[in-house]
Structure formats: structure tokens, C-alpha cells
Amino acid sequence: MRLAFPLAFAFLILTNLSAIAQHRFLANQQNKLVIIDAEGKPQWQMMLSGSPHDLQLLDNGNILTHQNTEIIEIDPRSSEIVWSLDAKKFATVDRVEVHSVRAIPGDRIMIALSGEGKLLEVDRDGTLQHSITLQRTHPHPHRDTRLVRRLENGNYLVAQEGDGKVCEYDRDGKIVWQYDVPMFGRKARGGHGPEAFGNSVFSALRLPNGNTLIGTGNGHSILEVTPEKEIVWKLQQHDLPGITLAWVTTLEYHPNGNIVFGNCHAGPENPQLIEINRGQEVLWKVHDFKTLGNDVSNSIILDADANVIR
């Protein structure tokens, strides 16, 4: 499962050099993982058997992700899978998919099992320790969930793509907070690129101020909403000069207030990763269609402050 490094350097575009340095980052391009250094040079890459939607850098330097329904831990130093677990063993239905996986306290792994409609907590031996059932209006193995994050209070913040909503579940599976992603008076349009539109939410983070930051997927936007569901900040499709947003995916919230996000399916004219400040100035962007293509669904800034929320 090893590949030789490509000879061509990734082409990175950096704006506002005085504000921020270039980043070293990990990203996926369909079923390939790549690490690109701050100078734009690919350092490492590895092929998987399926396209992952979630990535996590562990304390030991390994990468937790998934290929299809198999949860895997990769040592990037050797490009070896050092631990794996097939989440399909927990399924009671014919078709299931995994779109989110996280290492959580207690040496457990949290898995969102779409199709089954459950969030699972398992130990490293593959024993199920806890689970809750999601409340789904439009159940579908490909669309039940996108990213799920376990909060400090033990609750789960779930991006329910097919239902167009973000739900916070308690440990008993009760919804204690819900936000329906608005359509802003527009009609849904099919597709994956900038021409599409909908509320297929991809990600949600709970901020230190108690608000929730939401990547709206094909809503082409980022929203910050209060616990009372008021939108207090938003970035829309054409707010950044010279950039068109398509499927807004991964979010990272940095301690200085900057936001790094993924711009998937946006075509060769647009960057795949973008960093902005709260004034919506573009501080950094990655525009490398040759290496990353049109399907970067997840990324991690590797030189980020330890307190980044992702």
C-alpha cells in the first residue's frame, strides 16, 4: 500500500504573507491520503480502498480514518495499517456506510454507522461499549450522517446530511438541541458543484462561546448560530473575491478565531482549502488541482495550535 512520491510539487497560493505562514497539511483526494509540506512539496501519500470522509491525527502521530466500513489506524512513518476494525460487524441491515470516526476518551473509537442509523462507541478489542440510535426523517445509508463530534459533556454533535439538520444528542439518544439548515428562500438544485444548492450539511463544531459553527455542504456557506438558533456570522458562496464556494466540508476553528475549511467539488478554477479570519479576509489557500483534484472531502492542518477545534 505504498506509493512513490510524485515529482511535481503541489502548487500553493498564499495571500497576505505578513499575516500567516504557509501550512503543512494532510488531506484526502478520493481514496488517496497526502501530506503536503509548507513549501508545497508532497511528503507522503498512501492509497486506500475507499474514499474517507473523516481524518484524525492521534497523539502518537498516527492517522485514524476509514476505508469503506473498515476503521484503520495508519502509521505514516511506515505507511502501515497498525490497527483495524470493520464496523460492518455491528450492522443489522444489508447496506451500511461510515462517514465519521473519532478516537474519544477511554481509549474508545466513536463510529457513525449510516444505514444502521447509530452512533457506536467501541473499544480497541472491537467490543461495543455504548450506542445510541439517531432520529432520522429521511434514512439512507449514504446520507444519514457526515461528520460527528463528541462534545466535552459527552453529548454528540451530528451533521445529518440527508435531513439537512445538526442535532446534539445526549448519552441516552435524546435530541437536546437541533438546528435545521435554512434554504434562505431558494429551491434545491441537483449536482455537486457550484451550480447545485441544498442543505446537505457536512460538519458542525461547538465553539468556546457556546455557538455552533456549521459547514452547510451544498449550501455553499458557513454559519455561526447561537444556542437560540440566531445566525450571528456567515460566509456565503461569493463573499470571497475571486473564489466560488461549492461543497463546504471540513471546518477547523483556530484559537485566534481563524477558520480553515474545505471547498470540495468547486472545479479547477477554485481553491480546495481556504483560511479566513473573522473579517472574511483570505489568509491562505491551496489551489492544487493536479495533486488534490476535485474531491477533497477532509483535511487537517498539521502545524496547528494544540487548541484548534476540528
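User: What makes F25 buried or exposed?

Analyst: Let's start there, keeping in mind that this is a predicted model. The relative accessible area of F25 is 0%. Buried means under 20%, so F25 is buried.

User: And why is W284 called buried?

Analyst: Its value is 0% too. Because the cut-off is under 20%, W284 counts as buried.

User: How many aromatic pairs does the structure hold?

Analyst: There are two. In one of them, the ring centres of F25 and W284 are 5.9 Å apart, and their planes meet at 75 degrees. Centres within 6.5 Å make a pair, and an angle over 60 degrees makes it edge-to-face, so F25 and W284 form an edge-to-face pair.

User: Where in the chain are F25 and W284?

Analyst: F25 belongs to strand β2 (residues 25–29) and W284 to strand β24 (residues 282–286).

User: Why is the pair of W177 and Y179 called stacked?

Analyst: Their centres lie 6.3 Å apart, with 10 degrees between the planes. Planes under 30 degrees apart count as stacked, so that is the label for W177 and Y179.

User: Are W177 and Y179 buried or exposed?

Analyst: W177 has a relative accessible area of 11%, and Y179 has 5%. Both values are under 20%, so both residues are buried.

User: What makes R206 sit over the ring of W177?

Analyst: The charged end of R206 is 5.5 Å from the ring centre of W177. The distance limit is within 6 Å, and the charge must also be within 35 degrees of the ring normal. R206 is listed as sitting over the ring.

Technical notes: Residues are numbered from 1 along each chain as its sequence is written. This is a predicted model: local features need pLDDT of at least 70, side-chain atom pairs count only at pLDDT 80 or more; totals for chains, interfaces and linings use all residues. Side-chain values use heavy atoms; hydrogens and water are left out. Rings of Phe, Tyr and Trp (its six-membered ring) pair if their centres lie within 6.5 Å; planes under 30 degrees apart count as stacked, over 60 as edge-to-face and the rest as tilted. Helices (H or I, at least four residues) and strands (E, at least two) are DSSP runs, numbered from the N terminus. Buried means under 20% relative accessible area, exposed over 50%, partly exposed in between (1.4 Å probe, protein chains only).
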